[in-house]
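Here are some notes for a colleague who is opening this model for the opening look. They go through it point by point.

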Amino acid sequence: MSAIELKNVNHYFGSGSSLVHVLQDINFSANKGQLVLIIGPSGSGKSTFLTIAGGLRTASSGDVSIEGQSINQLSRKQSDQLRLAHIGFVLQSYALVPYLKVSEQLAFVDRIKPEGNLNAEELKELFAQLGIEDLVNKYPGQLSGGQRQRVAIARAVYTNPEVILADEPSAALDSDRVVKIGQLFKELAEQRDKAIVVVTHDTRLMPFADKVYEIMDGKMSLQQKL
Amino acid sequence: MYLALKEIRHEKLRYTLITAMIVLISYLIFILSGLANGLASENTQAIESWHTKSVLLNRNANVNLSQSTITKKQLAATNLTKSQAIVGQAAVVVKSSNREKESAQFIGLDKNQYIAKNLVASSGRPFRKQHEVVVDQQFKSEGYKIGDKIKFNSASSQYTIVGFTKNAKLNIAPIVYGQMAIWKKLRPFPGSQVAGSAIISKTADFAPAVKGLKQYSSPYFISKLPGYSAQNTTFAFMIGFLMVISLVVIAVFLYILTIQALPTYAVLRAQGIPGAKLVSTIINQSLILMVAGIIGGALLTAITASLIPFGVPLSFNPVMLSLITLGLVVMGIIGAALPARKIAKIDPVSVIGG
């Protein structure tokens with residue numbers, strides 16, 4: 001069973017003469033332990049794919065499932081619960097609350113979802129893996145861009161989701177850092193048994209991926225890995 | 001509450017500034033309500049000290065004590081009991097050598113009726129003889145002493161202050177209590193058939209059918225005191241406007257903060273944090289700001305009240321203060337409604353685009 005699967009997904013924006021077919025018959029799957037890339041240029045439909053795969057938007061047609069459970073007909077509340085428990089987001093904006101210290105970012109999650117999160121030992125191990133164990137008492141504003149991104153990854157992993165969706169995680173990073181982030185995602189997917197889906201236009205991440213999909217003008221195709 | 005408190009602790013300057021504004025607004029509202037209550041009280045102190053439930057006035061006096069006269073014949077027809085007393089009212093200027101002139105209300109009493117009998121002197125004693133008067137405590141603060149000789153207007157007769165009494169103000173002027181004979185000298189009528197200005201009753205049901213007289217309830221009589229309603233309405237408007245201003249201040253402040261924080265809220269929504277949790281954050285912030293501001297305003301008010309000079313009519317009514325506090329808190333919640341609506345409508349897709 002795939003951790004996340006999209007079957008025959010179509011999505012349209014607008015109506016009548018201004019109707020745009022943004023996603024066309026998308027078929028996609030990612031298993032736990034895999035790092036899957038979705039590569040495509042700006043305007044190809046990557047972000048729309050991410051919002052539909054993440055349960056933030058409902059596809060015009062087709063089916064999206066997480067761990068075999070269809071998410072198409074979920075209420076707003078159910079959708080919130082799904083994202084909180086089963087999907088971790090690593091967003092370009094790093095997804096951190098500016099007035100919460102690193103430790104408080106996670107303490108806040110505990111208040112909303114008290115169960116199923118990493119325990120203290122697992123969290124310590126994760127912080128060590130991400131190299132942020134000395135940053136727990138710092139505010140996001142006191143961190144560098146790379147540190148903020150690693151804290152955002154910790155935040156996404158903390159709820160122990162099956163699926164992690166990352167939006168352009170290597171944007172504005174130099175090649176050394178791209179390698180590091182690629183290795184980190186690969187390790188997280190394999191060691192923590194997550195399906196990590198990275199939406200990017202950065203082909204430098206391809207060597208780390210188990211599967212690469214290309215999306216172009218709303219059409220998705222599975223690329224042969226080199 | 002967690003996010004609300006964390007943000008306030010992190011953004012101390014911003015939240016201190018807005019709390020300071022709420023402190024000043026609530027301080028102003030508390031002081032105004034104290035003045036409104038104090039002035040209202042100085043209009044009605046005497047009427048309340050007489051335990052007035054109803055008032056019998058001349059039917060043609062337009063519910064105005066100073067315009068009302070009751071004749072001896074009418075008085076005789078009313079069959080007064082122990083619960084009624086006739087009073088004679090006259091506006092006077094009190095003069096005494098080496099003392100400031102003082103505008104006052106003279107109230108003539110029948111020493112055998114309940115108002116005169118119940119008159120308590122806070123210092124000195126009640127009046128007994130025709131040339132003795134008891135005056136409001138305000139005269140004491142103006143330097144008058146027991147034994148001082150006073151005159152009224154340009155009359156030559158002298159009267160001796162034999163006591164001071166508390167809560168003796170009518171229409172904001174201090175009262176001079178004396179015998180009805182003095183009042184008759186102050187307001188001489190041809191033929192001298194006038195017995196007094198009004199009959200005060202401790203019972204609400206005192207309404208004898210006497211030609212030319214009409215009974216009024218105490219609240220109605222008070223509402224018709226010259227300037228009383230206009231003054232209270234003015235204060236009520238000022239307090240009301242300040243309430244609205246507090247609403248606007250809190251709404252604008254929280255709205256601006258919310259607009260600035262929308263990307264953060266959108267990210268939290270994308271992560272699955274329930275919208276209700278984020279809405280409660282903004283409501284809680286508003287409540288914290290209002291409560292902190294009100295406490296600050298109340299402290300400033302208490303300090304002001306302890307330092308304010310005796311003559312300033314500042315008096316607080318706990319019920320009114322409680323209602324104002326509640327009103328301010330409600331304004332805070334209403335003020336948070338607009339930004340809360342903005343948060344409730346956040347589309348988490350906005351953080352990703354697409």
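1. An angle between two helices is taken here between their N-to-C directions and runs from 0 to 180 degrees, with each axis a line fitted to C-alpha atoms over the stretch in contact. The model is a predicted one. In chain B, helix 2 (residues 12-49) packs with helix 8 at an angle of about 170°, and their axes are 10 Å apart. Angles over 145 degrees count as roughly antiparallel, and helix 2 of chain B and helix 8 of chain B are therefore roughly antiparallel to each other.

2. Which residues make this contact? From helix 2 of chain B come, among others, B:I18, B:I22, B:I25, B:I29, B:L32, B:A36 and B:N43. Helix 8 of chain B contributes residues including B:Y228, B:N232, B:F235, B:I239, B:L242, B:V249 and B:F253. By class, the residues of the contact of helix 2 with helix 8 of chain B are 18 nonpolar and 5 polar, with no charged ones.

3. Helix 9 of chain B covers residues 275-307, which is 33 residues. From first C-alpha to last it reaches 48 Å, close to the 48 Å expected at 1.5 Å a residue. Its buried residues include B:L278, B:I282, B:Q285, B:L289, B:G293, B:G297 and B:T301. The buried residues of helix 9 pack against helix 1, helix 2, helix 8 and helix 10 (318-344) of chain B.

4. Next, the interface between the chains. There, 21 residues of chain B are in contact with 23 residues of chain A. On the side of chain B that touches chain A, helix 1 (2-10) and helix 8 (228-270) of chain B each supply at least two residues. Helix 1 of chain B gives the largest share of that side, 5 residues. The side of chain B that touches chain A has 11 nonpolar, 6 polar and 4 charged residues.

5. In chain A, strand 9 (residues 211-216) and strand 10 (residues 219-223) pair in the antiparallel sense over 5 bridges. A:V212 stands opposite A:Q223, which is in strand 10 of chain A. The two strands form a hairpin with 2 residues between them, and A:D217 in the turn has a positive phi of about 50°.

6. Is A:A120 buried or exposed? A:A120 counts as exposed, because it has 7 C-beta neighbours inside 10 Å. A:A120 is found in helix 4 (residues 120-130) of chain A. Between A:A120 and A:E133 there are 13 residues of separation in sequence and 12 Å in space, C-alpha to C-alpha.

Methods: Residues are numbered from 1 along each chain as its sequence is written. Chains are lettered from A and ligands numbered from 1 in the order in which they are written. This is a predicted model: local features need pLDDT of at least 70, side-chain atom pairs count only at pLDDT 80 or more; totals for chains, interfaces and linings use all residues. Two residues are in contact if their C-beta atoms, placed from the backbone, lie within 7 Å. Helices (H or I, at least four residues) and strands (E, at least two) are DSSP runs, numbered from the N terminus. Ala, Val, Leu, Ile, Met, Phe, Trp, Tyr, Cys and Pro count as nonpolar, Asp, Glu, Lys and Arg as charged, and the others, Gly among them, as polar. Angles under 35 degrees count as roughly parallel, over 145 as roughly antiparallel, 65 to 115 as roughly perpendicular and the rest as oblique. The expected span of a helix is 1.5 Å times one less than its number of residues. A residue is buried if 20 or more other C-beta atoms lie within 10 Å of its own, exposed if 12 or fewer, and partly exposed in between; C-beta atoms are placed from the backbone. Two strands pair if DSSP finds at least two bridges between them.
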